[in-house]
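Please examine the fold shown below and follow the explanation with the structure in view.

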Amino acid sequence: MSIEAVKWAMDDAPMLRTPAGKFDTTARHVLQAMAEHADAKGKNCHPSEIRLQYRTGYDRRTVQRARRRLEDAKLIIRDGMVQDRIKYKLSMHLLRDASDWEELEREEAASKEAAAERKRRSRAKHVTHSNDVTVTDAGAVTEPGVTHSESGRHALEMRDVTHFKSGRHALSAAVTTNQPPEEPPATNWAGVGSSTCGPQGLAPSAPIDDAGFVVTDVMRRWAAGVYPGLDIEHSTDQFISHYRSTGAQRHSWPDAWQKWIREDAKSASRRQQPRAGSNVIHLPNGQTLSGTDAKVAAHSALTEQLRALENRESS
């Protein structure tokens, strides 16, 4: 094998074209396979057809047709016989036209330009043209009680939202004309809201402080009736602290609170259940009981659960 012959077949040999004007890659591949069997001057090249089939992966007829096209273009010339095979000489003095490279560069530039144009059109679909924007007089949109920005006052009145019995204040929440109801709509069981979107056109979801979440008496009575042994105030404090720290948004914060209370009660129930082979009870307030005290606490917890179940069935 000659490096010079292989380099010529790879880079410098003229590229044949198909009738459609495309590069004849099949003939190019066969030429490269033949160059591996030539010397430095491109002579003494006589690979068998089966060898060319093996190297290129083409069938016999494809190899024969490609080699014939190479002969017609004078890229390979017959130079005698070796046993029963034709010996060829590569026309290494023929060089590829520089326009082939320029053509590839033009195609590359056109491809990039087309991609950029598609990107511009895609962006244009999401841009609202000035002709489609309706300009409304400021005087027509100002309602009574709403102050213009020039006055230095905010259009929305601010108020403090106090959460239940803890005496703590949430972030100031805006009072708007679409004020959410003081108590969420009642459900079949809990008496707390289950709407999946905000009331009267408000945003479908908002952080807990922006939504002005407050635990109402209806919600507190529901929790005390269903889970009498649960520290509602502690669970609510944990609920607010968690979602305030994460900044998460919910469509219905009363529903999220109701789910939190259920999970908290379930966790407390698990903690009260003694493990197999253990005589230790962990109370929800963190106190640990063992021995006789643990047994008494376990019986008390079971009694509370039965009472809660009876109340639920009777209600």
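Ser235 counts as buried because its relative accessibility is 1%; buried means under 20% relative accessible area, exposed over 50%, and partly exposed in between, computed with a 1.4 Å probe on protein chains only. Ser235 belongs to helix α8, residues 232-246. Helices (H or I, at least four residues) and strands (E, at least two) are DSSP runs, numbered from the N terminus. Apart from neighbours within four places in sequence, Ser235 contacts Leu230, Trp260, Ile261 and Asp264, where contact means heavy atoms within 4.5 Å.

The model is predicted, with local features requiring pLDDT of at least 70 and side-chain atom pairs counting only at pLDDT 80 or more, whereas totals for chains, interfaces and linings use all residues. Residues are numbered from 1 along each chain as its sequence is written, and side-chain values use heavy atoms, with hydrogens and water left out.

Consider next the chain as a whole. The protein chain contains ten helices and eight strands, and 27% of its 315 residues are buried. Of the contacts between residues at least 6 apart in sequence, 55% join residues at least 24 apart.

How do the axes of α2 and α3 cross? The axes of α2 (residues 25-35) and α3 (residues 49-56) come within 10 Å and cross at roughly 115°; axes are lines fitted to C-alpha atoms, for helices over the stretch in contact, and angles run from 0 to 180 degrees between N-to-C directions. At this meeting, His29, Val30, Ala33 and Met34 of α2 touch Leu52, Arg55 and Thr56 of α3. By class, this contact has four nonpolar, two polar and one charged residues. Here Ala, Val, Leu, Ile, Met, Phe, Trp, Tyr, Cys and Pro count as nonpolar, Asp, Glu, Lys and Arg as charged, and the others, Gly among them, as polar.

In soluble globular proteins, nonpolar side chains tend to be buried together. A nonpolar core is a set of buried Ala, Val, Leu, Ile, Met, Phe, Trp, Tyr and Cys residues joined through side-chain atoms within 4.5 Å. The largest such core has 21 residues, of which Leu31, Met34, Leu70, Ile76 and Leu90 touch the most other members. At least two residues each come from α1 (3-12), α2, α4 (60-72) and β2 (85-90), and α2 gives the largest share, six residues. Beyond its neighbours within four places in sequence, Ile76 has contacts that include Leu31, Met34, Leu70 and Leu90. A second, separate core of 20 residues includes Phe213, Met219, Ala223 and Ile240.

In helix α7 (residues 217-226), the buried residues include Met219, Arg220, Trp222, Ala223 and Val226. These residues lie on the same side of α7 because they cover an arc of only 160° around the axis, the arc being that of the directions from the helix axis to the C-beta atoms.

Most residues other than glycine have a negative phi. Asn44, in the loop between α2 and α3, has a positive phi of about 60° although it is not a glycine, and Asn44 is partly exposed at 40% relative accessible area. Lys74, in the loop between α4 and β1, also has a positive phi, near 65°, and Lys74 is exposed, with a relative accessible area of 55%.
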